[in-house]
Amino acid sequence: MPYLTDWYANPSGSHRFARGARQAVDESRDRVAGIVGCGPNEVVFTGCGTESDNMAITGAVTRLGGRAVCPAVEHHAVLHVVEHHGGSVVGVDVAGRVELDALATTLDELASGPGVSIVSVMAVNNEVGTITDIAAVADVVRRHAPGALFHTDAVQAACWLDLRELTPHVDLLSLSAHKFGGPKGVGVLIERGGPRVDPLIIGGGQERERRSGTHNTAGIVALAAALAVTDAERVTENVRLADLRDRLVKGLQGELDDVVETVDPADKVAGSAHVCIGGVESEALLFLLDEAGVCASAASACASGAMEPSHVLAAMGIDRAVALGALRLTLGHTSTEADVDRGIEVIAGAVRRLREGVRPT
Ligand code: PLP
């Protein structure tokens, strides 16, 4: 709040209020750098995770030439940008992890043609929660595309993984504040080893010419504060929420038949409960859940009037009919046992109604 009121000044100014705001931005940068495991001059504050991903990929393609490469399960903030630049998309396994052999083959093929500017592989998938072994992917990238930059979209990783262990394997890393309790509309791109890509937003030269635009001081301070709390509570929250997640999934499976966990819990983050429920369509289920005050999603998009299963589930090879019953439930720092128990009751009731042929009105 002080940075929306008393210290409202533009941090790029030179008077005392501007200097106060500047100090807050600098301290936040130090704080983020300490948690991510990089130097403060490697932290670029952006407007969101999407901007960080766009800057990494577009900035690499424009600076280095060559193709961008990513797996088929990336968030559209990566996938659509790679496709936009005519890049290559690589297949994944049943859990949604990039196929390392296919990645190596793609990189080898591109090496004898246009070359590779950047490989982008997400650390944690936003729909199903799968964790990718970024060190193993880095090994393939370094061996098969030594001139390419390696980027990870770590937007979904900050609550669950120690970023200090991720950062050494990559050149570029994206974060978004609202995925760890910070405000919407502020993100980070880590550029290890100094400027690696062309800037996306050019103007007043803020962020050492990396990202122009007046700093969102309050957002940046809040991002750093939220990241510090997330980092301090990460280990205990991982244990607490894994228990709650298992309680939720087992509770649903106890109440209903044909509830399949999409990804083995051993392969994913604690806060993700993704199931496919037979005999119901997510669209109708979400309607009933919303009516009862249970917030969930299905990750399906309505295209040309027909429900299309998510691109993530399709890439994982999940049957279209099964994917139509996908339900994505997410747990976080505010989730309690009582929430989970109420969720089980409401979801089970809604599924029974739909299976009995009741249509939402
Ligand atoms: N990448 C992943 C994996 C995400 O889950 C999201 C948001 O859902 C984004 C990128 C985009 O972040 P933002 O909403 O800050 O633009």
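These legends walk through several close-up views of a predicted model. Local features need pLDDT of at least 70 and side-chain atom pairs count only at pLDDT 80 or more, while totals for chains, interfaces and linings use all residues. Residues are numbered from 1 along each chain as its sequence is written, and side-chain values use heavy atoms, with hydrogens and water left out.

**View 1. An open sheet of 7 strands.** Read across, the order is β1-β7-β6-β5-β4-β2-β3, with mixed pairing. The edges belong to β1 (43-46) and β3 (88-90); each has a single partner strand, so one side of each has no neighbour in the sheet. On average, neighbouring strands here are turned by 20 degrees against each other, direction ignored. Strands are DSSP runs of E with at least two residues, helices are runs of H or I with at least four, and both are numbered from the N terminus. Two strands pair if DSSP finds at least two bridges between them.

**View 2. Strands β5 and β6 side by side.** β5 (residues 149-153) and β6 (residues 172-176) run parallel and are joined by 3 bridges. Look for H151, which sits opposite L172 in β6.

**View 3. Two helices packed on the sheet.** Helix α1 (residues 16-36) touches β1, β6 and β7 (187-191), and its direction makes about 115 degrees with that of β1. Helix α3 (residues 76-84) touches β2 (67-71), β3, β4 (116-120) and β5, with its direction at about 145 degrees to that of β2. Contact here means heavy atoms within 4.5 Å. Axes are lines fitted to C-alpha atoms (for helices, over the stretch in contact), and angles run from 0 to 180 degrees between N-to-C directions.

**View 4. The one cavity that turned up.** On a 1 Å grid over the protein atoms alone, a cavity is a set of points where a 1.4 Å probe fits but cannot get out, and lining residues have an atom within 4 Å of a point. Grid points are joined across faces, edges and corners, and a volume is the space filled by probe spheres set on the points. Its lining is I35, A158, L161, D162, L163, L227, D231 and R234. Helix α7 (residues 217-255) supplies the largest share, 3 residues.

**View 5. The largest pocket.** Its volume is about 1,200 Å³. A pocket is an open set with protein on both sides within 12 Å along at least five of seven lines. Of its 45 lining residues, T330, L331, G332, H333 and S335 are the closest to the centre. The largest share of the lining, 8 residues, comes from α7.
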